[in-house]
Amino acid sequence: MKRTHKFGIELPKSVKEALEIDKRTSTNFWQKAIEKELFNVSAAFEIQKDETVPVGYKEIPLHFVFDIKGDTLARKARLVAGGHVTDPPKDMTYSSVVSRDTVCLFFLLAALNDLDIRACDVQNAFVQAYTKEKVWTRGQQEFNLPEGAVVLIVRALYGLKS
């Protein structure tokens with residue numbers, strides 16, 4: 001079953017639909033979410049000036065996934081690469097995320113030892129990593145890329161395997 005609403009708010013399936021929702025509701029929530037994501041991931045793209053695709057690169061699609069944050073009802077737009085069409089890199093390694101139990105254990109240890117805890121969130125930290133996959137896409141206006149241009153994806157994006 002496909003979800004059409006979350007917290008009573010309509011979820012778009014495309015950029016066009018997101019902008020139509022904004023127009024219909026006289027808001028710009030989705031537009032701002034899209035602009036924020038495009039600004040944050042802009043470092044992942046390298047536009048080829050001569051329109052040639054380097055040897056060994058594979059074309060992949062891009063699309064947006066839309067969501068709503070539960071605590072603030074803020075709109076989220078995430079640019080996702082179609083990494084499902086690529087083969088995993090030969091030297092790919094597994095990288096997990098710390099478990100909730102581990103975090104709770106460290107909070108307990110800090111409390112028992114009267115230690116201060118400091119934390120931060122590095123927004124879109126994944127975009128700092130270069131990708132090992134050799135992939136490219138065609139530029140499209142909705143991704144703030146020159147229409148039809150050959151665009152190499154040089155840094156990590158959601159959806160890529162490395």
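Reply: Arg24 is exposed, because its relative accessible area of 54% lies over the 50% cut-off. The model is predicted. Arg24 forms a salt bridge with Glu10, and their closest N and O atoms are 2.4 Å apart. Arg24 belongs to helix H1 and Glu10 to strand E2 (residues 9–10), so this pair links distant parts of the chain, 14 residues apart. Glu10 has a relative accessibility of 25%, so Glu10 counts as partly exposed.

How many salt bridges does a search of the whole structure find? The search finds three. Besides the Arg24 pair, there is one between Asp67 and Lys6, with the closest N and O atoms 2.7 Å apart. Here Asp67 sits in strand E5 and Lys6 in strand E1 (residues 5–6); the two are 61 residues apart, and the pair links distant parts of the chain. Lys6 is buried, because its relative accessible area of 17% is under 20%. Asp67, with 33%, is partly exposed.

Another salt bridge brings together the side chains of Arg78 and Glu37, at 3.4 Å from N to O. Because Arg78 lies in strand E6 and Glu37 in helix H2, the pair ties together parts that are 41 residues apart in sequence. Glu37 counts as buried, at 3% relative accessibility. Arg78 counts as partly exposed, at 22%.

Asp67 lies in E5 and Arg78 in E6, and these strands are themselves paired. E5 and E6 run antiparallel and are joined by seven bridges. One example is His63, whose bridge partner in E6 is Val80. Strands of a sheet pair through backbone hydrogen bonds, either parallel or antiparallel.

Several of the elements met so far also supply residues to the largest nonpolar core. That core has 28 residues, and Phe45, Phe64 and Leu157 touch the most other members. Helix H1 (15–25), helix H2 (29–41), strand E5 (62–68), strand E6 (75–81) and strand E8 each give two or more residues to this core. H2 provides the largest share, with five residues. In soluble globular proteins, nonpolar side chains tend to be buried together.

E8 (residues 150–155) is mostly covered, and six of its six residues are buried. What is the order of the four strands in the open sheet that includes E8? The order is E3-E8-E7-E4, with mixed pairing. E3 and strand E4 (58–59) stand at the edges and each has a single partner strand, so one side of each is left without a neighbour in the sheet. On one side of E8, three bridges join it to strand E3 (residues 45–47), and the two run antiparallel. Within that pairing, Glu46 has Leu152 in E8 as its bridge partner. E8 also pairs with strand E7 (residues 130–138) in the antiparallel sense, over five bridges.

Is Val98 buried or exposed? Val98 is exposed, because its relative accessible area of 55% is over 50%. Val98 lies in the loop between E6 and helix H3 (100–112). H3 has 13 residues and reaches 18 Å from its first C-alpha to its last, close to the 18 Å expected at 1.5 Å a residue. After H3 comes Asp114, with a positive phi near 55 degrees.

To return to the request: the three salt bridges include Glu10 with Arg24, Asp67 with Lys6, and Arg78 with Glu37.

Key
Residues are numbered from 1 along each chain as its sequence is written. This is a predicted model: local features need pLDDT of at least 70, side-chain atom pairs count only at pLDDT 80 or more; totals for chains, interfaces and linings use all residues. Side-chain values use heavy atoms; hydrogens and water are left out. Buried means under 20% relative accessible area, exposed over 50%, partly exposed in between (1.4 Å probe, protein chains only). Two strands pair if DSSP finds at least two bridges between them. A nonpolar core is a set of buried Ala, Val, Leu, Ile, Met, Phe, Trp, Tyr and Cys residues joined through side-chain atoms within 4.5 Å. The expected span of a helix is 1.5 Å times one less than its number of residues. A salt bridge is a side-chain nitrogen of Lys or Arg within 4 Å of a carboxyl oxygen of Asp or Glu.
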